[in-house]
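Reader: I would like to learn how to read a structure like this one. Please take me through it feature by feature.

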Amino acid sequence: MHSNNLVISFVSPVYNAEDILDTLVLEIQNVMLKIQEPYEIVLVDDRSPDKSWAVMNKLSKKFKEVKSVRLSKNFGQHPAIMAGLTQAKGEWVIVLDCDLQDQPKEVIKLYNKIKEGYDIVLASRLQRKDSFFKKLFSKLFSKLYIYLTDAKFDNSIANFGIYNSKVIKEVLNMGDYIKSFPLFVNWLGYTSTSVEVEHAERSSGKSTYTYSKLLSLAFNTIISFSNKPLKLFVKFGILISILSLFVGFYTMFKYATGKITVLGYSSLMVSIWFLSGIIITIIGVVGIYIGKIFDQSKNRPSFIIDKIIENEI
């Protein structure tokens with residue numbers, strides 16, 4: 001993957017970041033003055049509605065290290081990361097958000113750690129500077145994800161980390177229609193570790209992830225990575241069948257002993273509504289999985305690159 005002796009590639013998805021892109025690039029440059037290795041900065045504009053692209057354009061013309069990539073439309077954060085990874089040429093790739101909550105100064109910790117022989121070094125945010133509800137949502141998602149996929153997952157870790165180019169190559173080879181960069185990395189394996197980093201307050205604007213978007217992302221991710229919900233419904237269906245059998249025997253016994261003369265209308269209606277609800281729910285879950293299979297079978301790209309601007313000087 002790497003060429004031109006590039007050692008480090010920074011990849012950052014950009015959305016509503018016109019006020020902080022200059023600072024992001026400056027802080028990365030300051031860090032690389034200490035590391036003293038050839039590097040590039042790949043900024044990916046996910047069709048931000050503000051003037052982010054104009055700022056990226058200016059930065060690419062001013063600094064030879066900055067490559068600006070613009071997508072054809074808004075595809076979302078994780079497809080934007082994937083687009084950036086296709087343009088990264090370094091032996092090591094650092095993925096970080098553009099909002100400066102992932103602080104470039106912490107890259108030194110990550111870079112020093114890979115010298116111990118790791119393929120992946122992840123940034124662990126022990127004191128996240130996010131809202132209470134966002135942290136709560138993240139914690140609940142991680143517990144549900146662990147239960148449904150039987151995989152290890154740490155909700156203090158997100159995209160921020162340093163990855164060997166061979167890891168990035170395998171991430172890009174994963175053909176899942178629904179993209180989730182940290183979960184892809186988690187699934188791949190390789191020798192990995194984490195280091196504690198300082199998580200900063202958001203320096204400008206606010207997160208574009210609404211709770212409905214977060215819920216949708218969590219739901220799609222779990223459906224994409226696990227078929228356990230289907231297995232759970234099978235077990236639930238068997239349990240209901242066993243209980244129904246016992247209830248049936250009990251009802252027949254009461255009828256045979258003369259304790260029931262007229263079967264109850266209420267119990268019959270409750271049973272019908274209950275079982276109908278279960279059946280409809282199961283059909284709905286199966287339908288969702290079929291829908292995801294349909295999306296995957298269309299084999300559409302998860303992102304389309306519209307423009308690439310880089311200074312060849």
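Author: Start with one residue and its surroundings. Leaving aside neighbours within four places in sequence, Arg 70 is in contact with Asp 45, Arg 47, Trp 53, Ile 304, Ile 305, Asp 306 and Lys 307. Keep in mind that this is a predicted model.

Reader: Where is Arg 70 placed, and does it count as buried or exposed?

Author: Arg 70 sits in strand S3. Buried means under 20% relative accessible area. Arg 70 has 16% relative accessibility, so it counts as buried.

Reader: Which strand pairs with S3 in the parallel sense, and over how many bridges?

Author: The general idea comes before the case. Strands of a sheet pair through backbone hydrogen bonds, either parallel or antiparallel. Here strand S2 (residues 39-45) pairs with strand S3 (residues 66-71) in the parallel sense, over 5 bridges. Within this pair, Ile 41 stands opposite Val 66 in S3.

Reader: What is the order of the strands in the sheet?

Author: The sheet is open and has 8 strands, in the order S7-S5-S6-S4-S1-S2-S3-S8, with mixed pairing. S7 and strand S8 (305-310) are the edge strands, as each of them pairs on one side only. From one strand to the next, the twist averages 20°. Helix H6 (residues 165-173) packs on the sheet and touches S4, S5 and S6. The direction of H6 makes about 120° with that of S6.

Reader: How many residues of S6 are buried, and in which sense does S6 pair with S4?

Author: Of the 8 residues of S6, 7 are buried, so the strand is largely enclosed by the rest of the structure. S6 pairs with S4 in the antiparallel sense over 4 bridges, and Tyr 163 in S6 is the bridge partner of Val 93. S5 and S6 also run antiparallel, joined by 4 bridges. There, Ser 124 has Ile 157 of S6 as its bridge partner.

Reader: What is the separation of the C-alpha atoms of Ala 123 and Ile 157?

Author: The separation is 6.1 Å, although the two residues are 34 residues apart along the chain. Ala 123 lies in strand S5. With 1% relative accessibility, Ala 123 counts as buried.

Reader: Now a helix. Which residues of H4 are buried, and why do they line one face of the helix?

Author: In helix H4 (residues 107-114), the buried residues are Val 107, Leu 110, Tyr 111 and Ile 114. Seen down the axis of H4, they fall within an arc of 95°, so they line one face of the helix. These buried residues pack against strands S1, S4, S5, S6 and S7, and against helix H1 (21-35).

Reader: How do I read the crossing of H3 and H7?

Author: Look at the axes, then at the residues between them. The axes of helix H3 (residues 77-87) and helix H7 (residues 181-188) come within 9 Å and cross at roughly 65°. H3 contributes His 78, Ile 81, Met 82 and Leu 85 to the contact, and H7 contributes Phe 181, Pro 182 and Phe 184. By class, the contact has 6 nonpolar residues, 1 polar residue and no charged residues.

Reader: What does the secondary structure of the chain come to, and what share of the residues is buried?

Author: The chain has 10 helices and 8 strands. Buried residues make up 42% of its 313 residues. Among contacts between residues at least 6 apart in sequence, 84% join residues at least 24 apart. The accessible surface comes to about 17400 Å², and 60% of that belongs to carbon and sulfur atoms.

Key. Residues are numbered from 1 along each chain as its sequence is written. This is a predicted model: local features need pLDDT of at least 70, side-chain atom pairs count only at pLDDT 80 or more; totals for chains, interfaces and linings use all residues. Side-chain values use heavy atoms; hydrogens and water are left out. Buried means under 20% relative accessible area, exposed over 50%, partly exposed in between (1.4 Å probe, protein chains only). Helices (H or I, at least four residues) and strands (E, at least two) are DSSP runs, numbered from the N terminus. The arc is that of the directions from the helix axis to the C-beta atoms. Contact means heavy atoms within 4.5 Å. Two strands pair if DSSP finds at least two bridges between them. Axes are lines fitted to C-alpha atoms, for helices over the stretch in contact, and angles run from 0 to 180 degrees between N-to-C directions. Ala, Val, Leu, Ile, Met, Phe, Trp, Tyr, Cys and Pro count as nonpolar, Asp, Glu, Lys and Arg as charged, and the others, Gly among them, as polar. Accessible areas come from the Shrake-Rupley method with a 1.4 Å probe; for residues, only the protein chains shown count as cover.
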